[in-house]
Amino acid sequence: MSDCNDSDVKLPPVLRIGEFPANAHALLQARFAPVSLADIDHDDALRERVGAIVTRSNYDIDTALIERLPALKIISTSGVGFDRIPVGFARERGIVVANTPDLLNAAVAELTVGLLLALLRQLPRADRFVRSGAWSGGAFALGSSLAGKRVGIVGMGRIGKEIACRLAPFDVEVAYYGRTKQALPYEWFAHATDLARWSDILIAACPGGSETRHLVNAAVLDALGARGLLVNIARGSVVDEGALIEALERNAIAGAALDVFEDEPLEASPLCALDNVVLSPHIGSATHETRMAMAQLTVDNIVSFFSTGKAITPVLATAP
Ligand code: NAP
């Protein structure tokens with residue numbers, strides 16, 4: 001819990017917010033021996049020296065915590081999303097926010113393709129069908145092909161592009177919606193509703209936060225239509241979950257595959273009772289390889305900041 005040396009770099013105490021996977025935790029422990037909220041609650045002198053927060057994108061950093069840490073210089077989050085960090089508030093106080101972009105593109109894109117195929121071919125139900133012995137009672141229901149489908153991506157950023165690349169060999173047509181038209185070989189739609197109307201499959205891959213809250217709403221789901229499928233690997237806040245449940249229950253869309261939810265962890269939800277959904281517990285980046293690389297960059301951002309004055313991957317100045 002004391003100040004720790006990293007090679008020649010003198011680091012101030014680092015506060016850990018949230019839980020990390022075991023290997024990543026061990027890495028943080030070895031480099032920082034981070035302190036906890038309980039530690040600073042009982043030690044004002046320690047609290048006043050905390051220079052860095054290390055966290056993950058599933059945890060809230062609130063303005064009250066930042067105000068309690070007068071020496072705070074950097075918030076280093078393991079994850080690309082920073083919708084739970086008050087970036088503008090931190091910036092006003094000269095505090096740098098750093099994240100771990102790009103390292104997780106492959107893992108999130110792989111999960112997206114996996115969820116989509118699981119939804120099209122009803123893999124969770126098929127698995128239950130075999131295990132339960134129901135197969136001896138007759139053949140399993142037919143699924144749908146991915147080949148030939150139109151895939152609309154809401155948020156064609158680093159992850160959206162990786163998803164588009166990984167879907168190309170499946171022989172699909174790709175289009176996207178975002179605030180800006182990019183120089184890409186895909187059609188751009190200026191409105192999410194128009195993209196949904198064009199799409200057989202709509203994939204949400206944009207950031208969370210107030211600007212994108214309920215971007216996928218009842219009107220977008222209506223435009224997606226009765227044969228349409230939704231995949232959300234972005235943030236739960238991007239989709240109006242109430243409208244989605246209603247659309248799924250009345251078969252106004254054909255199905256959904258969801259990795260993220262408005263309230264996590266998802267517990268008692270009507271989604272759990274629906275056959276036309278595939279659910280995963282926010283595991284977009286959750287592979288051993290990816291989470292270790294993210295943890296390493298989370299550490300390196302802090303070390304770089306205190307040795308050079310700059311984080312390696314700061315959140316850009318244009319972020320809200
Ligand atoms: P990125 O490179 O910043 O891309 C974000 C894209 O969203 C951009 O193309 C941007 O285009 C678009 N966008 C931003 N604000 C928008 C708005 N208000 N309306 C419409 N489009 C908007 O980010 P990324 O690295 O691809 O990550 C995207 C998100 O994926 C993260 O923020 C995170 O929420 C989510 N994610 C989820 C998991 C998981 O475990 N499920 C893991 C990692 C990341 P324009 O600027 O042109 O609008």
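Colleague: At what angle do helix 6 and helix 8 pack?
Modeller: Happy to start there; this is a predicted model in which local features need pLDDT of at least 70, side-chain atom pairs count only at pLDDT 80 or more, and totals for chains, interfaces and linings use all residues. Residues are numbered from 1 along each chain as its sequence is written, and side-chain values use heavy atoms, leaving out hydrogens and water. The axes of helix 6 (residues 105-120) and helix 8 (residues 158-167) are 9 Å apart, an axis being a line fitted to C-alpha atoms over the stretch in contact, with angles from 0 to 180 degrees between N-to-C directions. The packing angle is about 55°.

Colleague: Is helix 6 roughly parallel or oblique to helix 8?
Modeller: Angles under 35 degrees count as roughly parallel, over 145 as roughly antiparallel, 65 to 115 as roughly perpendicular, and the rest as oblique. With its angle of about 55° to helix 8, helix 6 is therefore oblique.

Colleague: How many charged residues are in the contact of helix 6 with helix 8?
Modeller: Helix 6 brings residues including Glu-110, Val-113 and Leu-116, and helix 8 brings others, among them Arg-158, Glu-162 and Arg-166; contact means heavy atoms within 4.5 Å. Ala, Val, Leu, Ile, Met, Phe, Trp, Tyr, Cys and Pro count as nonpolar, Asp, Glu, Lys and Arg as charged, and the others, Gly among them, as polar. The contact divides into eight nonpolar residues, two polar and, to answer you, four charged.

Colleague: What is the angle between helix 1 and helix 12?
Modeller: Helix 1 (residues 22-32) and helix 12 (residues 288-308) have axes 9 Å apart. The two helices are roughly parallel because their packing angle is about 20°.

Colleague: Is Arg-197 buried or exposed?
Modeller: Arg-197 sits in helix 9. Because its relative accessibility is 52%, Arg-197 counts as exposed.

Colleague: Where is the peptide bond that is cis?
Modeller: Most peptide bonds are trans. Look in the loop between strand 12 and strand 13 (277-279), where Pro-265 lies. With omega near 0°, the cis bond runs from Glu-264 to Pro-265.

Colleague: Which residue in the loop between strand 10 and helix 10 deserves a look at its phi?
Modeller: Most residues other than glycine have a negative phi. In that loop, a positive phi of about 55° belongs to a residue that is not a glycine, His-214.

Methods. Helices (H or I, at least four residues) and strands (E, at least two) are DSSP runs, numbered from the N terminus. Buried means under 20% relative accessible area, exposed over 50%, partly exposed in between (1.4 Å probe, protein chains only).
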